[in-house]
Amino acid sequence: MESSKEQHLFETETCLIILNVAFDQYNASLLNYFFFFFLPRLMTFILEIKRSSGLRFRRVLNETPVSVLRLPRGPEPNSRGFDPTSPRFIALCPTTLPSSSSSSGSADEEEQRLRAELRERFLRTLLLMTGKRVRFDMHEHVRVHARFGASDIDVLNLQVCDLETPLGVQREALLRSQDVIACSFEV
Amino acid sequence: MAMRQTPLTCSGHTRPVVDLAFSGITPYGYFLISACKDGKPMLRQGDTGDWIGTFLGHKGAVWGATLNKEATKAATAAADFTAKVWDAVTGDEVLTLAHKHIVKSVNFTQDSNCLLTGGNDKVLRIYDLGKPEAEPQEIAGHTSAIKKALWCNNDQQILSAADDKTIRLWDKNTKEAVKSLSFDASVSSMEYIPDGEVLVITYGRTIAFYKAHSLDLIKTVDAPASIHSASLHPDKDFFVAGGDDFKLYKYDYTTKEEMESYKGHFGPIHCVRFSPDGELYASGSEDGTLRLWQTAVGKTYGLWKCVLPEELSSENSEVLYCPPAEIKA
């Protein structure tokens, strides 16, 4: 853009020089050259200045475009959409599970109640176990004692202190729950 | 520091977008439906423009589309002489209503129980969605094709705009025309704002505002080019209009002054609508795209992020590559 501007300026200057020469020595061919070559270029140059003046003004103002995090997601090519795993679909659509009869319905409810009770008992046992010396019975006839600390949210790992192993006492350790068969402690 | 508007372009349609409508605000955000001449109306998340689904089933260009307030139902009007009602959650077609000519406009009542349709057969029809097999109530009177039909005044009256250059206000129960307005040019669009009972009408280069009960003129505003659609902000501070010159104009409603104009579309703009919360407006164009524009340029909303000057130089590249924001539906 800038180089073409300079080129235009150069052409305008050249055009003016030629005009002066033309006035001094009337020369038909020079005038023809002026009218059919330089005048159109001069007009284009003026029009370009007018059109770009808006852009130049904006550069002067230094506007920054608003940033976007990403573009809106477009349609998937092979699907009509309406994702069945979306929260709205799950909340607003009727359940697709087969409706149970009343008798088996109550059996399901009873089972659910028992499961909830057992789960609660297990969690309370874990709470009671914290800080106590616990005996862990593990695979391959491994039996170790340790002070129980905590378990993680999915009960995959158990954090223990002062784990007594054949190699010595481990100050801090993590036991993998799937390796533990049973744990017992004094209440 | 001056901020320049960055419109969000929603692609996906292959033909011109002729109509769009927003739902109300639901616990999952608000939604946008777009009617397109390719026969496949699309549902999008209103604040981000993300595509949710496409309603497949029409065999002709879709001329009108609407959502109910809770965004659980959608209705579309098409050139295949049918209007269809869809479940907007699953995307399934619920109902097909056969007509005798091209259907141009559909509108739900506030309780989503009745559907109003209007089209080239010059007759307004009211369908009871609880009894779809029953014959619809018909209101005749227009002398040429109906372009737009809307419920108004608490769903007791109907407003219709037709190619006979009139807008008529009908009573739903008596089926008689209560009032009528005549224009010199054909009305290109009509919008009804229930809160405040304002009617926004565009014809030629004029955007006119009327009181919906009495059809009394409030004010008119003239635009630089022929306007196809206009929408008033919910708080009635400003309105936007778009038309033949591909530009979107933003006007102050009180002073009628042009505040801004935005370029971006590559074709005439067919429809403009404000979102229900007024934070953005959507425009549909002949170029097949929908663009979402911010009302308050630079504000953090949806996919737009306000970046402070000190952050610009250091985090510029990070902004565009942020992990995607949580999707609502």
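Predicted model: local features only at pLDDT ≥ 70, side-chain atom pairs only at ≥ 80, totals over all residues.
Trainee: Why is B:Thr6 called buried?

Mentor: Buried means a relative accessible area under 20%. B:Thr6 has 17%, so B:Thr6 is buried.

Trainee: What makes the pair of A:Val66 and B:Thr6 a polar contact?

Mentor: A polar atom of the B:Thr6 side chain lies 2.6 Å from the backbone oxygen of A:Val66. The cut-off for a pair of N or O atoms is 3.5 Å, with one able to donate a hydrogen and the other to accept it. At 2.6 Å the pair is within that limit, and therefore counts as a polar contact.

Trainee: Which residues is B:Thr6 in contact with, leaving aside its neighbours within four places in sequence?

Mentor: From chain A, A:Pro65, A:Val66 and A:Val68; from chain B, B:Leu292 and B:Trp304. Contact here requires heavy atoms within 4.5 Å.

Trainee: How do the values for residues 96-129 of chain B read?

Mentor: That stretch is 62% strand and 0% helix, and its end C-alpha atoms are 11 Å apart.

Trainee: What does chain A consist of?

Mentor: Chain A has four helices and seven strands, in the order α-α-β-β-α-α-β-β-β-β-β. Of its 187 residues, 22% count as buried.

How values were computed:
Residues numbered from 1 in each chain as written. Chains lettered and ligands numbered in written order. Heavy atoms only, no water. Helix = DSSP H or I, 4+ residues; strand = E, 2+ residues; numbered from the N terminus. Buried < 20%, exposed > 50% of the residue type's maximum accessible area, 1.4 Å probe, protein only.
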